[in-house]
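Dear colleague,

I am passing on to you the structure we spoke about, and my notes on it follow below. Please read them with the coordinates open beside you.

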Amino acid sequence: MTDPLLDVDGVVAGYNEVPVLKDVDLHVDRGEVVGLIGPNGAGKSTVFKTVMGYLSPWEGEIRYDGERVGDVQPSDLVKLGIGYVPQTQNTFPKMDVMENLRMGAYTVDGSAFEERAEDLLELFPRLDERRHQQVRTMSGGEQKMVAVARALIADPDLVLFDEPSAGLMPKYVQQVFDRIGTIREERNLTFLIIEQNVPVLLENTDRTYVLRNGEVVGDGASERFLEGEELGDLYLGGSTSA
Ligand SMILES: Nc1ncnc2c1ncn2[C@@H]1O[C@H](COP(=O)(O)OP(=O)(O)OP(=O)(O)O)[C@@H](O)[C@H]1O
């Protein structure tokens, strides 16, 4: 059996001595698109911040591609192949599209940048047409694409995406997930996605973890959660695993 691409093993972490993640176990295999859901304040974004090295695990281990990365700096994790699309402040709004891509490409040398950017913009035709538009003047959906493209320019294998639907009109949410699907197929990328829009998440992921109060209380094929009352029970207090 091969190692998971990302393995979060018994992680305890938090802020200012207050534990938020109490014992988090989750893994993502190469090529999977995995969801992370749970009530507000469950600790979902904290999982991402811990994986990305903004917080250090107090206990437990995080392994990326078999290597322990619990104390690796965020910029070095980008070099190792992890891309991160935070929920907010994920673009430089006063800069144009190309400048945003350059900011995301600090691990890429100058000559490779041009080629990488051209290649990437083929995936995002709307950005391609707006290369020199200031990001703050773009639509919410276009801005979200800039944030994704900025993470992809460093050529990650794994992308942590915190709430694709945040701030987007519902009609654009499926478009963002469609784009994730295309990127996954064309680039063989692996995704871990936090999302409040649970039905859309379940329709667009292979597996899902449910986090409540800093612990994984359920996981399984996303399809399985689409019907029945299991999810409601998990949000409210139950616990299952498949
Ligand atoms: N920088 C911080 N300092 C102190 N506490 C924090 C900080 N960031 C988050 N928290 C606390 O950690 C807990 C988990 O927050 P987190 O943002 O990880 O939850 P979440 O599941 O992503 O929530 P939401 O769905 O509302 O975005 C919350 O109680 C929150 O108040």
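In this predicted model, helix α3 (residues 97-104) and α6 cross at roughly 35°, and their axes come within 7 Å. The crossing in which α3 passes α6 is right-handed, and the residues that make this contact are Val97, Asn100, Leu101, Met103 and Gly104 on the α3 side, with Val146, Ala149, Arg150 and Ala151 on the α6 side. Sorted by class, the contact of α3 with α6 holds 6 nonpolar, 2 polar and 1 charged residues.

Helix α6 (residues 140-152) also packs against helix α7 (residues 170-187), here at an angle of about 25° and with the two axes 10 Å apart. Since angles under 35 degrees count as roughly parallel, α6 and α7 are therefore described as roughly parallel to each other. Here too the crossing is a right-handed one, with α6 passing α7, and the contact is formed by Gly140, Gly141, Lys144 and Met145 of α6 together with Tyr172, Gln175, Val176 and Arg179 of α7. The residues of this contact of α6 with α7 divide into 3 nonpolar, 3 polar and 2 charged.

Turning to the domains, the assignment for the protein gives domain 1 as 1-81 + 156-242 and domain 2 as 92-155, and the centres of the two, taken over C-alpha atoms, are separated by 24 Å. To the contact between them, domain 1 brings 15 residues and domain 2 brings 10 residues. On the side of domain 1 that touches domain 2, the elements that give two or more residues are α2 (74-80) and α7, and of these it is α7 that gives the most, with 7 residues. That side of domain 1 divides into 9 nonpolar, 3 polar and 3 charged residues.

With best wishes

Definitions and conventions. Residues numbered from 1 in each chain as written. Predicted model: local features only at pLDDT ≥ 70, side-chain atom pairs only at ≥ 80, totals over all residues. Axes fitted to C-alpha atoms, helices over the stretch in contact; angles between N-to-C directions. Helix = DSSP H or I, 4+ residues; strand = E, 2+ residues; numbered from the N terminus. Parallel < 35°, antiparallel > 145°, perpendicular 65-115°, else oblique. Left-handed = near helix turned anticlockwise from the far one by under 90°. Contact = placed C-beta atoms within 7 Å. Nonpolar A, V, L, I, M, F, W, Y, C, P; charged D, E, K, R; others polar. Domains from an automatic or database assignment.
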